[in-house]
Amino acid sequence: MKVQNVCVLGATGSIGESTLDVISRHPERFKVYALSAYSRIGKLVEQAVSSAAPVVVVPDDEAARSFRSRWPAGRPIPEIRIGAEALVATASDPEVSTVMAAIVGTAGLPAALAAARAGKRVLLANKEALVAAGGLFMQAVRDSGAELLPIDSEHNAIFQCLPEDAERARAPQRPAKGVRRLLLTASGGPFRTTALDALHDVTPEQACAHPNWSMGRKISVDSATMLNKGLEVIEAHWLFAMDADRIEVVIHPQSLVHSMVEYEDGSILAQLGQPDMRTPIAYGLGFPERIDSGVGLFDLARMQKLDFEPPEPERFPCLTLAYEALRAGQSSCISLNAANEVAVDRFLAGRIRYTEIPQIIGECLERLESVSCRPTTLEDVLEHDRHARAVAAELCLLRA
Ligand code: NAD
Ligand code: MG
């Protein structure tokens, strides 16, 4: 067995921590080569000590100083690389075989794309990278011969339910044979049954209190608005080469069925499991083998029922906006994602209301409709992203 040298981008986040947990269970299979963090440098020091990572990446000199000052005396200190370019260089470092892309937001795109271009095994949690640059990303996977393993639980479930095929981790040009539809499940988030007129007053803490999953704050808010599911529809479009009208979203409050594939003959294959991201992470790390993730037995007898219901459009306008953006094309997907990142940031900072998030995204999409373009380079994508952020920031200010 060849040891995989792993780079964990966004190591201090929720996915990063779960990744290090799985890796630590298999010292014979995985070595940690590099860890990156943007904040929580104390946490990064702990992780670098326990994983013996030879390289860390931090955002600036201040963070590097903080890392050095916290490093325990008497141990060899890792090489400290600094800044966004260092993230890109580390993701494509010849020493690295596997990259966990777990930075949140478009900030993670350049490094995730660099890993794909360098032909790595890419474990993709950073869905915003595919939403903003799906075409470029999948082309990079095709051109370099990289392996792309979806970590988002829904896409990992779908990947597991697709026909066994040695080429499954390569970018598909067309949908897998015999597949009729993809059924993405969604928990419905913390406000699935809240009175619609009470949504106006919900707080960031309430929005971040997800009923089933423990996640970073941004994705938790996205789960509440279901913009997360919208991003996942776009992600599924790219990962599995499926059109918008063959991807359906169904609410499943127990979060035990992680998603399903419906075949032409009427068969539906589902993947079930506990809502614990270590399962999809272990699947991606071990592929094509199955390895221990640390997740315990699934107690079927205690599972009383599995509910499914359609999402209400009035409760989840962000989901409709995401389908519209996917149908409109790549630049609308960039605008959707960028406007959402800005709106969620302002909501978490207490500057706008929860119900203003879809309003800002919708207005931003409308304003930018006319600048619809087909971004063909990373620079095009980032430029459109910056433009959309500026528009969204202005729309937020008008409301504050
Ligand atoms: P998180 O907020 O817990 O962690 C984010 C990580 O990214 C941290 O290590 C942080 O330091 C780093 N980071 C933040 N801003 C950065 C920047 N500008 N530059 C470089 N690094 C930066 O987030 P998370 O919940 O772990 O989610 C990470 C990604 O995985 C997101 O794209 C999310 O949508 C996706 N995802 C998460 C889950 C989950 O269960 N948490 C499930 C599916 C998909
Ligand atoms: Mg998901």
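Are tyrosine 283 and phenylalanine 287 buried or exposed? Both residues are buried, where buried means under 20% relative accessible area, exposed over 50% and partly exposed in between (1.4 Å probe, protein chains only). The model is predicted: local features need pLDDT of at least 70, side-chain atom pairs count only at pLDDT 80 or more, and totals for chains, interfaces and linings use all residues. Residues are numbered from 1 along each chain as its sequence is written, chains are lettered from A and ligands numbered from 1 in the order in which they are written, and side-chain values use heavy atoms, with hydrogens and water left out.

Six aromatic pairs are present in the structure; rings of Phe, Tyr and Trp (its six-membered ring) pair if their centres lie within 6.5 Å, and planes under 30 degrees apart count as stacked, over 60 as edge-to-face and the rest as tilted. The ring centres of phenylalanine 67 and tryptophan 71 are 5.4 Å apart and the planes stand at 25 degrees, so this pair is stacked. Phenylalanine 67 has 0% relative accessibility and counts as buried, and tryptophan 71, at 11%, counts as buried. For tyrosine 283 and phenylalanine 287 the centres are 5.9 Å apart and the planes at 50 degrees, so the pair is tilted. Phe159, Tyr283 and Phe287 make up one aromatic cluster.

Around ligand 1 there are 22 residues, of which Thr12, Ser14, Tyr38, Glu128 and Gly216 come nearest; a residue is near a molecule if one of its heavy atoms lies within 4 Å of it. The shell consists of 12 nonpolar, seven polar and three charged residues, with Ala, Val, Leu, Ile, Met, Phe, Trp, Tyr, Cys and Pro counted as nonpolar, Asp, Glu, Lys and Arg as charged, and the others, Gly among them, as polar. A polar side-chain atom of glutamate 128 lies 2.7 Å from an oxygen atom of ligand 1. Backbone N or O atoms also lie at 3.2 Å from a ligand 1 oxygen in glycine 13 and at 3.4 Å in alanine 125. Taken alone, ligand 1 exposes 830 Å², and the protein buries 87% of that (Shrake-Rupley method, 1.4 Å probe).

The magnesium ion (ligand 2) is coordinated by Asp152 (OD), Glu154 (OE) and Glu232 (OE) at 2.1 to 2.2 Å. Donors are N, O and S atoms within 2.8 Å of the metal (3.2 Å for Na, K and Ca); water is not among the atoms, so sites may look incomplete. The donor residues are spaced D-x1-E-x77-E in sequence. Aspartate 152 counts as buried at 8% relative accessibility, and glutamate 154 counts as buried at 8%.

Note on methods: Polar contact = N/O pair within 3.5 Å; in protein donor to acceptor, adjacent residues only side chain to side chain.
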